[in-house]
Amino acid sequence: MEHSDKIIESALRTISIESQALEGLKGQIGDEFANAVDTIYRSNGRVIVTGIGKSANIANKIVATLNSTGTPAIFMHAADALHGDLGIVQKDDVVLALSHSGNTPEIKALLPLIKSMGNVLVGLTARSDSYLGKQANFVLNTAVEEEACPNNLAPTSSTTAQLVMGDAVAVALLELRNFSSEDFARYHPGGSLGKRLYVRVADLYTQNERPSVQADASVKEVIVEISTKRLGITAVLDGSEMVGVVTDGDLRRMMEREDDVLQVKARDIMTPSPQYAEPQTLASEALHQMEDKNITQLVVVEEGEYKGIIHLHDILKEGII
């Protein structure tokens, strides 16, 4: 391609400049940052995140990250706040205002209103000496040496710095709150990450048939049971006690080696002590067990009692990978 080298060079330069900007951000983390985070942590209210332009876009992402990691947050557009949305802000809320310059007209109009309401104001800006920097109770400095844009104009390094500073706040709060994987699952019930943390075998196996044959069942009975229940496996029982399983693979291998299949019983071809899972086992753990043993089904057993079958497809249909 004609411009391949130029494109690659541009991309590498952008990544290098933004990486350097983030390295420089480390120098801005100190007591001011710690006090701001501690104030949010101790607050009885929410975090109201506001900004305008590209900073508003970053503010929305910070809100999403805060909410998903245990800190209630709401986005308030700086311009809309001047036309009624300021009512979002309640007495105990902490306001996090984003502005690269700290001197945009909307921010300068909004801040006196917030200050008059008595809310704590955290400013996230590249200029500590700006209007925002001077009005804020705490300043999170996101100054960068240059934008990745060759004209040093388009917000690139600066918005990356804002985003990473927001992530630093969110993760610090997460750790202060001892936010666990179980908490994460509760806030992400519809996503694959959350499902890995809360969907259990009991949620899935009950949707399937419960194939079983007695130990003295004929091969024909075994084939019919596996075929009609459509799970590629059946439990083998001695009375009510499970003594093994027969899979469709076991049947194929039996057909290859046996001359008189009519004399073969389920106990003759079953696998004793099969791989199993308990109902409260996480589906993600069951998946890892299947992968490790290179199988596609697990017997579900509770206190020694056969309960059913969970199939690999049951887990994959839930989006658990």
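The model is a predicted one.

An open sheet of 5 strands is present, with the order 2-1-3-4-5 and parallel pairing. Its edges are formed by strand 2 (73–77) and strand 5 (138–141); each has a single partner strand, so one side of each is left without a neighbour in the sheet. From one strand to the next, the twist averages 20 degrees. Helix 2 (residues 31–42) packs on this sheet and touches strand 1, strand 3, strand 4 and strand 5. The direction of helix 2 makes about 120 degrees with that of strand 5.

Within this sheet, strand 3 (94–98) is paired in the parallel sense with strand 1 (residues 47–51) over 4 bridges. In this pairing Val47 stands opposite Val94, and Val49 stands opposite Leu96. Strand 3 also pairs in the parallel sense with strand 4 (residues 120–125), here over 5 bridges, and Ala97 stands opposite Gly123 of strand 4.

Strand 3 is mostly covered, with 5 of its 5 residues buried. In a regular strand, side chains alternate between the two faces of the sheet. In strand 3, Val94, Leu96 and Leu98 point one way, whereas Val95 and Ala97 point the other way. The largest nonpolar core holds 25 residues, of which Val49, Leu66, Leu96, Leu98 and Leu140 touch the most other members. At least two residues of this core are supplied by each of helix 2, strand 1, helix 3 (54–68), strand 3, strand 4, strand 5 and helix 7 (157–176). A second, separate core of 16 residues includes Ile48, Ala97, Leu111 and Leu121. In soluble globular proteins, nonpolar side chains tend to be buried together.

The surroundings of Val49 illustrate the largest core. Apart from neighbours within four places in sequence, Val49 is in contact with Ala59, Val63, Leu66, Ile74, Phe75, Met76, Leu96 and Leu98. Among these contacts, Leu66, Leu96 and Leu98 are, like Val49, listed with the core members that touch the most others.

Asp93 lies in the loop between helix 4 (78–81) and strand 3. With a relative accessible area of 4%, Asp93 falls under the 20% limit and is therefore buried. The side chain of Asp93 makes a polar contact with the side chain of Arg46 at 2.5 Å, and also reaches the backbone nitrogen of Gln90 at 2.8 Å. When neighbours within four places in sequence are left aside, the contacts of Asp93 are Gly45, Arg46, Ile48, Ile88, Asn119 and Val120. Of these residues, Ile48 is included in the second core, and Val120 lies in strand 4 (residues 120–125).

A further open sheet is formed by 3 strands in the order 6-7-8, and its pairing is mixed. Strand 6 (212–214) and strand 8 stand at its edges with a single partner strand each, so one side of each is left without a neighbour in the sheet. The twist in this sheet averages 35 degrees from one strand to the next. Strand 7 (residues 233–238) pairs with strand 8 in the antiparallel sense over 6 bridges. In this pairing, Asp238 stands opposite Glu241 of strand 8.

Helices 10 and 11 are considered together with this sheet. In helix 11 (residues 248–257), the buried residues are Gly249, Asp250, Leu251 and Met254. The elements that cover the buried residues of helix 11 include helix 10 (219–229), strand 8 (241–247) and helix 12 (266–269). Val222 is placed in helix 10 and, at 0% relative accessibility, counts as buried. Although Val222 and Val246 are 24 residues apart in sequence, their C-alpha atoms lie 7.8 Å apart in space.

Terms used: Residues are numbered from 1 along each chain as its sequence is written. This is a predicted model: local features need pLDDT of at least 70, side-chain atom pairs count only at pLDDT 80 or more; totals for chains, interfaces and linings use all residues. Side-chain values use heavy atoms; hydrogens and water are left out. Buried means under 20% relative accessible area, exposed over 50%, partly exposed in between (1.4 Å probe, protein chains only). A polar contact is a pair of N or O atoms within 3.5 Å; within protein, one must be able to donate a hydrogen and the other to accept it, and residues adjacent in sequence count only if both atoms are side-chain atoms. Contact means heavy atoms within 4.5 Å. Two strands pair if DSSP finds at least two bridges between them. Axes are lines fitted to C-alpha atoms, for helices over the stretch in contact, and angles run from 0 to 180 degrees between N-to-C directions. A nonpolar core is a set of buried Ala, Val, Leu, Ile, Met, Phe, Trp, Tyr and Cys residues joined through side-chain atoms within 4.5 Å.
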